[in-house]
Amino acid sequence: MKGFEYIEEELNQMKAEGTFRPLIPIESDQGAKVTIEGKELIQLSSNNYLGLTTHPRLKLAAVRAADEYGAGTGSVRTIAGTFSMHNDFEEKLAEFKHTEATLVLQSGFTANQAVLASLLTKEDVVISDELNHASIIDGIRLTKAARKIYKHVDLKSLEEALQSTQDYRKRLVVTDGVFSMDGNIAPLPEIVELCEKYDALIMVDDAHASGVLGRNGRGTVDHFDLNGRVHIQVGTLSKAVGVLGGYIASTQAVRDYLIHKGRPFLFSTSHPPAVTAACSEAVDVLLEEPELIEQLWENTRYFKAGLTKLGFDTGHSDTPITPVIVGDEAKAHQLSDKLKEYGVFAQGIAFPTVAKGLARVRTIVTAQHNQTILDEALTAFEKAGKELNII
Ligand SMILES: *Cc1c(COP(=O)(O)O)cnc(C)c1O
């Protein structure tokens, strides 16, 4: 079909530069090892921190819910798509998060869009860390509020933004709890103090901290003992929780407001019963099997130490996300390709996901890996890194 020559041209350029990345289908379930092109590879690219995507309790909950309540809900929540299990799960989640209420959306992405687009007006301003996730950036694009970007985790830059915005009705400071490409944790205690000093609202996007940080995986707010001092927590049910969805944990008023004004809530169909039931079971697993989180952190320490010992630049991560920073875009992809040859699936990540010159292979270990598997992965990293003159 004619008409898309301008796109084809750009794609061809990407191919020439080595930055065109076809999708890589996984032929197995999402485990510590996955099957790709018929070959078993160690999976270091998933967000399946606790291995819950394949946890027997979640699978069983999903199957039972599909059997009893069907494959889909047939409506948006506000018309006829709220099942009692949706409300029950939100109550359970609110109790888990120590907040008044929660509201679940289709994904973490849409949760950010719902909050940012609806809670602020043109009398307000949103103040955002420059490395916040794309869904926050897109949410900000949808609001009529003014915007200020502060330097990454830079408290001085944040304070300047707070000082220069005192005439707005409301100020909302937004930060990732854990930054997804570097694995560093936001300095939340200091950010909260600044917000309290300047009477600003604070919102934390805990996608990579949900199920990973805090008691039983309650997130960064709990990790730093800041319960009751953060106005809005956004979390995901798609990463460590192992299923799909996003949620907002906040006050009852925020929940009620979003039910009336959050466009992804109003205009997109609710989660299928299997999704909600599996998410609900996941919260029970977080409470009843804390050893999964312990295993995740043990594996994290082991793997990070191994990479560092080999001489790789792993940045300043505080979490199971460990970047192997290479710099050059094409080289990051070459490293990823070589790793694949040697039995490891770890994706190269380049501009625009990370800044130019900071291309990397990003790794995430999970509770499902063990030392034998991680040793195999480290051997692959050593071989590939030496061949490409990275170490
Ligand atoms: C992954 C991620 C999201 C999106 O979550 P989904 O549930 O996958 O849509 C939002 N915010 C951050 C910081 C993320 O890392």
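Tutor: Happy to! A charge is said to sit over a ring if NZ of Lys or CZ of Arg is within 6 Å of the ring centre and within 35 degrees of the ring normal. With that in hand, look at lysine 356: its charged end sits over the ring of phenylalanine 351, 4.1 Å from the centre. Likewise, the charged end of lysine 383 sits over the ring of tyrosine 342, at 4.5 Å from the ring centre.

A word on the model before we go on. It is predicted, so local features need pLDDT of at least 70 and side-chain atom pairs count only at pLDDT 80 or more, while totals for chains, interfaces and linings use all residues. Residues are numbered from 1 along each chain as its sequence is written, and side-chain values use heavy atoms, leaving out hydrogens and water.

Now the rings that meet each other. Rings of Phe, Tyr and Trp (its six-membered ring) pair if their centres lie within 6.5 Å; planes under 30 degrees apart are stacked, over 60 edge-to-face, and the rest tilted. By this rule there are two aromatic pairs. One of them joins phenylalanine 303 and phenylalanine 381 edge-to-face, with 6.2 Å from centre to centre and 70° between the planes. Phenylalanine 303 belongs to helix α13 (residues 291–310) and phenylalanine 381 to helix α15 (residues 371–387), so this pair ties together parts 78 residues apart in sequence. Helices here are DSSP runs (H or I, at least four residues), as are strands (E, at least two), and both are numbered from the N terminus.

Phenylalanine 381 also pairs with phenylalanine 312: the ring centres are 5.7 Å apart and the planes are at 80°, so this pair is edge-to-face. Phenylalanine 312 lies in the loop between α13 and β10 (321–327), and phenylalanine 381 in helix α15, so the parts tied together are 69 residues apart in sequence.

Phenylalanine 303 is buried at 0%, phenylalanine 381 is buried at 0%, and phenylalanine 312 counts as buried at 5%.

Next, the charge pairings. Side chains of opposite charge can pair when their charged atoms come close. The cut-off for a salt bridge is a side-chain nitrogen of Lys or Arg within 4 Å of a carboxyl oxygen of Asp or Glu. The whole structure holds 19 salt bridges. One of them joins arginine 57 to glutamate 281, with the closest N and O atoms 2.8 Å apart. This pair links distant parts of the chain, with arginine 57 in helix α2 (residues 56–69) and glutamate 281 in helix α12 (residues 273–288), 224 residues apart. Arginine 57 is partly exposed, at 25% relative accessibility. Arg57 and Glu281 also belong to a salt-bridge network together with Glu288 and Glu289.

Other bridges stay within a helix. Arginine 141 and aspartate 138 meet with their closest N and O atoms 2.9 Å apart, and both lie in helix α6 (residues 134–142), three residues apart, about one turn of the helix. Arginine 141 is exposed at 59%, whereas aspartate 138 is partly exposed at 24%.

Back in helix α15, lysine 386 and glutamate 382 sit four residues apart, about one turn of the helix, and their side chains form a salt bridge of 2.9 Å, N to O. Lysine 386 is partly exposed at 48%, and glutamate 382 is partly exposed at 29%.

Key
Buried < 20%, exposed > 50% of the residue type's maximum accessible area, 1.4 Å probe, protein only.
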